[in-house]
Amino acid sequence: MKKSGLLLVGLIMQTCLYAQFNDSTHYLVGYTSTGIINRTENNKSYLLSNALRFTLNRQYVSLNVASSYVYGQQQDTKTNNDFSSTLDFDLYKNIHRLYYWGLANYDKSYSLKINDRLQAGAGLAFRFLKNESANILVSDGLLYENSDLVDANGKRDAYQTVRNSLRVKYHWVVTDFIILDGTNFLQNSLADKKDYLLKSNTTLSLKLRKWLNVTTALQYNKITRTGRENLLLTFGLAAEKYF
């Protein structure tokens, strides 16, 4: 039967499993999966996103390992095939306001034209505020980067550089059932002021039950060297279990 109207199918799913840190809990494992399918009479598109995270939290050190994968298509044209994996650690974060951090990150991104990118570095971080309802920290340091990109003219661009990495991170419990989280990066090359990276991830969670949240996440990435940027808006449900 011929379609005469608009058919829109949305598939959105997000699940999380993690631990709330206390005196006896030092580990966190989280998994997130979101997806949107949009189908009309003449068009179709979909975007699937998955992320896995592990955290070890001790008195003197905190270790985080996270990986994510995003795949998307518009009609029969691929729009996203993006993979990212990050390892970062903090020293003395739980006992001092000023502490040390280290980072290693690997990326492959079809949407941003990244064939391979490896970053590693370290620096200092300062916690401006930490209480039951709010947490704000700012960090800065140096990153060594080894990249293989596709430039704005479609040519291969393999290079190495050192970047200054500035991060602003916040956590705000607006009310008992509204929570806002954000992490924002500005990474400038020390060799070329026109070469910089922007990364932003903001999440708003609405608590329906003790174990169930509705979440909205906004992610933005920009690479001036390739002239590419992407913006992802996802929303879904988050189920929580503490252990």
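Asn164 has Asn188 as its bridge partner in strand E9. This is a predicted model, in which local features need pLDDT of at least 70, side-chain atom pairs count only at pLDDT 80 or more, and totals for chains, interfaces and linings use all residues. Residues are numbered from 1 along each chain as its sequence is written, and side-chain values use heavy atoms, with hydrogens and water left out.

- Strands here (E, at least two residues) are DSSP runs, as are helices (H or I, at least four), and they are numbered from the N terminus.
- Two strands count as paired if DSSP finds at least two bridges between them.
- E8 and strand E9 (residues 178-189) run antiparallel and are joined by 12 bridges.
- Two residues lie between E8 and E9, and the two strands form a hairpin.
- Strand E7 (residues 134-150) also pairs with strand E8 (residues 156-175) in the antiparallel sense, over 17 bridges.
- Opposite Leu137 stands Lys169 in E8.
- The hairpin of E7 and E8 has five residues between the strands, and Gly154 in the turn has a positive phi of about 85°.

**Aromatic pairs**

- Four aromatic pairs are found in the structure.
- Rings of Phe, Tyr and Trp (its six-membered ring) pair if their centres lie within 6.5 Å; planes under 30 degrees apart are called stacked, over 60 edge-to-face, and the rest tilted.
- One of the pairs is Tyr46 with Tyr71, which is tilted, at 6.3 Å centre to centre and 35° between the planes.
- Tyr46 belongs to strand E2 (residues 44-57) and Tyr71 to strand E3 (residues 61-74), so this pair ties together parts that are 25 residues apart in sequence.
- Tyr46 is partly exposed, at a relative accessible area of 30%; on this scale, buried means under 20%, exposed over 50%, and partly exposed in between (1.4 Å probe, protein chains only).
- Tyr60 and Tyr92 make an edge-to-face pair, with 6.1 Å centre to centre and 85° between the planes.
- Tyr60 sits in the loop between E2 and E3, and Tyr92 in the loop between strand E4 (77-91) and strand E5 (98-109), so the pair ties together parts 32 residues apart in sequence.
- Tyr60 is partly exposed, with a relative accessible area of 47%, and Tyr92 is partly exposed too, at 34%.
- Tyr60, Tyr92 and Tyr100 are linked into a cluster by ring pairs.

**Charges over rings**

- A charge sits over a ring if NZ of Lys or CZ of Arg is within 6 Å of the ring centre and within 35 degrees of the ring normal.
- Lys78 places its charged end over the ring of Tyr110, 4.7 Å from the ring's centre.
- Arg225 has its charged end over the ring of Tyr159, 3.5 Å from the centre.

**Two buried residues**

- Asn105 is part of strand E5 and is buried, with a relative accessible area of 5%.
- The side chains of Asn105 and Thr86 are joined by a polar contact of 2.3 Å; such a contact is a pair of N or O atoms within 3.5 Å, where, within protein, one must be able to donate a hydrogen and the other to accept it, and residues adjacent in sequence count only if both atoms are side-chain atoms.
- Contact in general means heavy atoms within 4.5 Å.
- Gly141 is found in strand E7 and counts as buried, at 9% relative accessibility.
- Beyond residues up to four places away in sequence, Gly141 touches Trp101, Ala122, Gly123, Arg163, Asn164 and Ser165.
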